[in-house]
Amino acid sequence: MDNDSRMKRIAIIGGGVSGLSAACALQKQLNKAAELDYVLFEAGSRFGGVIHTERVGDFVIEAGPDSFLTEKPWAAELCRELGLGDQLIASNDAERRTYILLGGQLVPLPDGLMFMVPTDLAATFLSPLFSWRTKLRMIREWFYRASPDVPESTVAEFVERHYGREMVERVADPMLAGIYGGGADELSASSVLARFVEIEAKQGSLGRAMLASRKLRSLSAEQSSAGRPRAAVPTRSLFTSLKNGMQTMTDAMLAQIPEPARRMNTPIEALMPESGKWLVAGSGRTEEFDGVIVATPAHTTAQLLRDYVPQVSSELDQISYSSSVTVTLAYDEKTHASLPRGFGFLVPRTEGKRLQACTFVHNKFPNRVAEGQALLRCFLGGTRDEEVLHSPDSEIIATVRRELDEILGIMVEPMFVKIYKWPKAMAQYSLGHKARVERIRKIISSSPGLALAGNAYNGIGVPDCVRSGSEAAAKSLVDLAIVPPRAQTPR
C-alpha cells in the first residue's frame, strides 16, 4: 500500500454484485492514474453474492438469478465494458408463455397482458383465467379517471381498485412472490410499480395508457424500418443472460480487481469514524480508510452504523427481507416431450401448494441443456413460507416432486437435483419504502466518505445492483476529491 498522504483509501464492505460494481468503478479510475487505493471485503468464501453458476454435464444451472431485464441497461453495459458483449444471449421470446395454476390446471396468461394490465381485450375475454366479473371490471377500468392525490397503496390495493381482487390473487400476487418473495398485500405500489402509479395519477386508466404506448412503439418500429424488410426490424427480448451462465459476469468483474485488493473470509465487525477517517475492524485487524462503501444487506449495514449514524440504522432496521429456496431438477428427452411449451408457471397461494413458481429453463434460454433434455427450476419460501428454509433437503425434494407430479404429471426420477438456500436474500419494499430511502439518501449525502449500495434501496435486480454500486463509487470519488463533481458519470 502506498503511504503517500495524497493517496485516498476506500473500503468496500460486501463482495456481492453491488460491491463488485463499486470496485470495478474505482478500478476504472485507478487505471486512469487516480490517486486512490481500495480494498474489497467479503465475509464469505466467494465473491458474487447470490450469483452462482454450476455446470453438470451439458446442464448450466443457476443457483441465483438466471438473467436480468433487458430494458434496464446497466448490467448489459457493464458486460460490454468487460468484453462480454458476445456472451450476452436473449431469452427465447418466441417460446414466452407463462401459465397460472388455477384449480389444479395450467392456464396460460392471455396475450397482451402487461403485468396485470390487459392490452388485448379479445385475448383476455376469451381466456378462462378470469371470471366475467373481472372481465367487466376491465371494461370499466378504461373509464378510470386520473387520481393524483391517492395515498400510498399496497400493490393489492392498487390492483384491486383497477381490476378487482381476482386479478390480485391470480396474477399480481403470484408474480410478485416470484420476483420479490413477498406478497401484494405487503409491497408498496409506488416502489414496486412506480410506472403504473404514475400513469394512474396522470392518465387514470392503465389499460388505455398501456395500449396507447404499445401502438406508439409499433408505429415507431414501422417508421424506423422504412426501406427495410419487415423481418429486419430489431426486437428486444424481455430477458438477457450470458451464454455460460450469470457467473461469467461476476467472474469478469472480479478479474478486474487486483489480488491484493480482495479480502475473502473477512467479516467486518465495526466501523468507527475518527478524525475524518474511518477505522474498519475485522478478523482481528483494524485499518484506516478515507471512505467506506457499505454494500451489505440492510440489517448488516444497520448494525455496522448503529453507533455512528443512528438515524440511518433506524431506517435500515425497517427494511425486512425474505428468504428463498430454489430446487433444480434435470430430466431426459421423454419428460421433455411431455412438458408444455413456455417459460414456466406461477402458483397462486389459493392453490394451497408450497411451490411458488417453476421455470422451464430449457425453453427460456439457449445453451442451458443438451438437445431434448429438460431443466426445471422451482421456487419455494418467501415471506409466507420462511420455515421451508429450515426443512431437510430430503423433505424439500419430496415436496417439490410430489407437487410437480400433481401439476405436470412428472413421476419419473430426475437425473439429478440441486438445492440452493438463500436466507434473507430479497429486500421487501413495504409501505413507506420510497420515503425511507429518500431520508437515508439525505443523511448519507451529508456524510462525506460514506456511501451505501445494494438491493435494499432502488431495485432488487442485477442491473439495479450494478447501478447502485457504481453510484456509490461515484459519491466516494467526489466526496474524497479524487474526481471533481460531474466528472464521474455513474454507469
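The model is predicted, so local features need pLDDT of at least 70 and side-chain atom pairs count only at pLDDT 80 or more, while totals for chains, interfaces and linings use all residues. Residues are numbered from 1 along each chain as its sequence is written, and side-chain values use heavy atoms, with hydrogens and water left out.

Colleague: How many helices and strands does the chain have?
Modeller: Helices (H or I, at least four residues) and strands (E, at least two) are taken as DSSP runs, numbered from the N terminus. Counted in that way, the chain has 17 helices and 22 strands.

Colleague: What share of the 491 residues in the chain is buried?
Modeller: Buried means under 20% relative accessible area, exposed means over 50%, and partly exposed lies in between, with a 1.4 Å probe and protein chains only. By this criterion, the buried share of the 491 residues is 55%.

Colleague: At what angle do helix 2 and helix 17 pack?
Modeller: Axes are lines fitted to C-alpha atoms, for helices over the stretch in contact (heavy atoms within 4.5 Å), and angles run from 0 to 180 degrees between N-to-C directions. Trp74, Ala75 and Leu78 in helix 2 meet Val462, Pro463, Asp464, Val466 and Arg467 in helix 17. The axes of helix 2 (residues 74-81) and helix 17 (residues 462-479) are 7 Å apart, and the packing angle is about 70°.

Colleague: Which strands are the edge strands of the open sheet of seven strands?
Modeller: Two strands pair if DSSP finds at least two bridges between them. The sheet has mixed pairing and the order 8-7-18-19-20-17-21. The strands that pair on one side only are strand 8 and strand 21 (416-427).

Colleague: Which residue in strand 21 is the bridge partner of Val327?
Modeller: Strand 17 (residues 321-331) and strand 21 pair in the antiparallel sense over nine bridges. Within strand 21, the bridge partner of Val327 is Ile419.

Colleague: How far apart in space are Leu106 and Ile89?
Modeller: Along the sequence, Leu106 and Ile89 are 17 residues apart. In space, taken from C-alpha to C-alpha, the distance between Leu106 and Ile89 is 28 Å.
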